[in-house]
Amino acid sequence: MKMLYLGIDFGTTFTKAAVFDPSSGESWMVKLNETLADFGLGSNQYAMPTAVYVPNDNGLLVTKIDGPKPQVGEKAINHRLSPEGTVYENFKPALDGEQEYADEKRGITYKYLVSAILDHVYHCAFQQSDIKSFWDKMFRTFKVVLTVPASTVKGGKRYTRMLEAAKEVGLMDVTILPEPEAAAFFLVGKSLRNMSKNNESSFLIYDFGGGTFDTTVAKVKDEQIFIVNQSVGSNHMQKWGGIYLDAMVRRDYVKRSAVAGGYAKRIAGGGLSLKERLSIENHLRVEPVKAKVALSKEKKYTNGVGDYIISREEFDKMIESTIDETISCSCDLLEEASEVDPNISLKTISKVFLVGGSSRIPLVRAKWEEKKQIGMQGSIEMTDIEVVAQGAAYYHHYSIAPKRLERLGVKYAKSGDYKTAALYFTNSQTDDALFYLATLYYSGAITKGKKAKRQALALLEKSQCQGAKELKALMAFLGHGMVKDDKVALQLAKEVDKPSDMCTRLKSVLCGDWNHLDKIYSYDPLSIFKNITIPNEDD
């Protein structure tokens, strides 16, 4: 049975997908549109609008096999003015919310909308591959990587809904990957063959998309790609992304255009037929997008009737604070990365990759160019819109197995190279690796002070291994990074099945035997690495 890697960039505005064949080393973008269409990206068969059209009499579609079927992408967009059903768009940010339903009266869940998109993407990828047998189709022979915003919490609502939606359409072997990290694996991976061994170039991925903004720092080490620390970005509370820029233009359009202002009053006044309301809403939705796209190329935009003109300068003033916030977020991440690797900073970054449709706005590049005035040496590169999908498809090809990363991290820790060990542990994210990384922070090997203790505790909260409980018990007893609490410390120490010498002594002290107190205070957390055995077998 042939296995292919399918990467899916499930965007707020557009969905893209790519396939990588590990047997041949070839990859291709999946054609998701039946016809060439222009949605502000030029004629592109590979960018499908993230939209689902559900006919009115469909109800809970998954239970009505013979009923009307949903339509997705371009076909869904073409039904925007249809009174016979509803088109659902821009629902991606809502996946993080508490609401389960996109339309509770009709029983349409957000998970169902995601399933409709994923099912279409899978069938397009399958039809365009050379996998044609019945059994291959039944078992869905794609290892799938779904991308999500960097703010997505593992096990959170968006994460869970995406996985459940994939399983609902038969995609069982699914990995969830932050969008900027996917982009990093492709963009940095392309350059790997030109880099010498142990090259330590670092890169910033600035991903400004339709509904969210994400950023991450990647580094090449030992001819491998690493994420230096966890990616960060906007969540559903932060209004960063293309759809929010559209909303700014829309408010201005309604305020300054007699036609748009009249349309808004008619909607507010009510009494419109369904067809009239849909037509007006569609106009007020589309016109700001046209203006935004045009202003990425031209100095001004004029609407069809000529009663609204907006210049690029006016547009820039509207969005400047948002752009400043996203770049500030990126610089903050670089500063945090420097705590793990002092060789990483705004001045030493090799390249800034501009990813996502909104990064094409001229002001974005102009703002990054300003950073060169304060010492940024790296180049700024605009990327194709497909890089997140391509990176997701390549992910398993470039990535190292988590357990192997953990073992290599222990090897570096044993040699005293704690900065490199931290890089490996951060990218492993196994329970043991999280504990080892927490130990490095707690010991002060990565950074010092209260912040280091808080970071150690945050990592320990994510780990379920026995060592994590031991270190949390010690921190509770000493009041490091948390309120000193002997009862909590004793409870945690008792939960350890095979306690280390440190944990045994700690329990004795907590039970009234103070003879071991000096050894508890003089305990060296880094000593744990001396006793760790690393198996030689491959994963």
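Over the ring of which residue does the charged end of K453 sit? In this predicted model, the ring is that of Y442, and the charged end of K453 lies 5.2 Å from its centre.

F425 belongs to helix α13, which spans residues 418-428, whereas F529 is located in the segment after α19 (517-521). The pair therefore ties together parts of the chain that are 104 residues apart in sequence. F425 has a relative accessible area of 0% and is buried. F529, with a relative accessible area of 2%, is buried as well.

F435 and Y436 form a further aromatic pair, with a centre-to-centre distance of 5.6 Å. The planes of F435 and Y436 are at 45° to each other, and the pair is classed as tilted. Both residues of this pair, F435 and Y436, are buried. Elsewhere, ring pairs join Y5, F20, F186, Y394 and Y398 in a cluster.

Helix packing was examined for α17 (residues 486-494) and α18 (residues 501-510). The axes of α17 and α18 are 10 Å apart, and the angle between the helices is about 140°. Since angles over 145 degrees count as roughly antiparallel and those from 65 to 115 as roughly perpendicular, α17 and α18 are oblique to each other. The crossing of these two helices, α17 and α18, is left-handed. On the α17 side, D486, A489, L490, A493 and K494 take part in the contact. These residues meet C503, K507 and L510 of α18.

Two residues other than glycine with positive phi were considered next. For N90, which is not a glycine, phi is about 50°. N90 is placed in the loop between β7 (85-89) and β8 (101-103). The relative accessibility of N90 is 36%, so the residue counts as partly exposed. For Q429, also a residue other than glycine, phi is positive and near 65°. Q429 occupies the loop between α13 and α14 (431-443). With a relative accessible area of 33%, Q429 is partly exposed.

The surroundings of I309 were also described. I309 is part of strand β17, which covers residues 309-311. Its relative accessible area is 41%, and I309 is therefore partly exposed. When neighbours within four places in sequence are left aside, I309 is in contact with R256, K300, Y301, T302 and E314. A389 lies 80 residues from I309 along the chain, and the C-alpha atoms of I309 and A389 are separated by 36 Å.

Terms used
Residues are numbered from 1 along each chain as its sequence is written. This is a predicted model: local features need pLDDT of at least 70, side-chain atom pairs count only at pLDDT 80 or more; totals for chains, interfaces and linings use all residues. Side-chain values use heavy atoms; hydrogens and water are left out. Helices (H or I, at least four residues) and strands (E, at least two) are DSSP runs, numbered from the N terminus. Buried means under 20% relative accessible area, exposed over 50%, partly exposed in between (1.4 Å probe, protein chains only). Rings of Phe, Tyr and Trp (its six-membered ring) pair if their centres lie within 6.5 Å; planes under 30 degrees apart count as stacked, over 60 as edge-to-face and the rest as tilted. A charge sits over a ring if NZ of Lys or CZ of Arg is within 6 Å of the ring centre and within 35 degrees of the ring normal. Axes are lines fitted to C-alpha atoms, for helices over the stretch in contact, and angles run from 0 to 180 degrees between N-to-C directions. Angles under 35 degrees count as roughly parallel, over 145 as roughly antiparallel, 65 to 115 as roughly perpendicular and the rest as oblique. A crossing is left-handed if the near helix is turned anticlockwise from the far one by less than a right angle, and right-handed if clockwise. Contact means heavy atoms within 4.5 Å.
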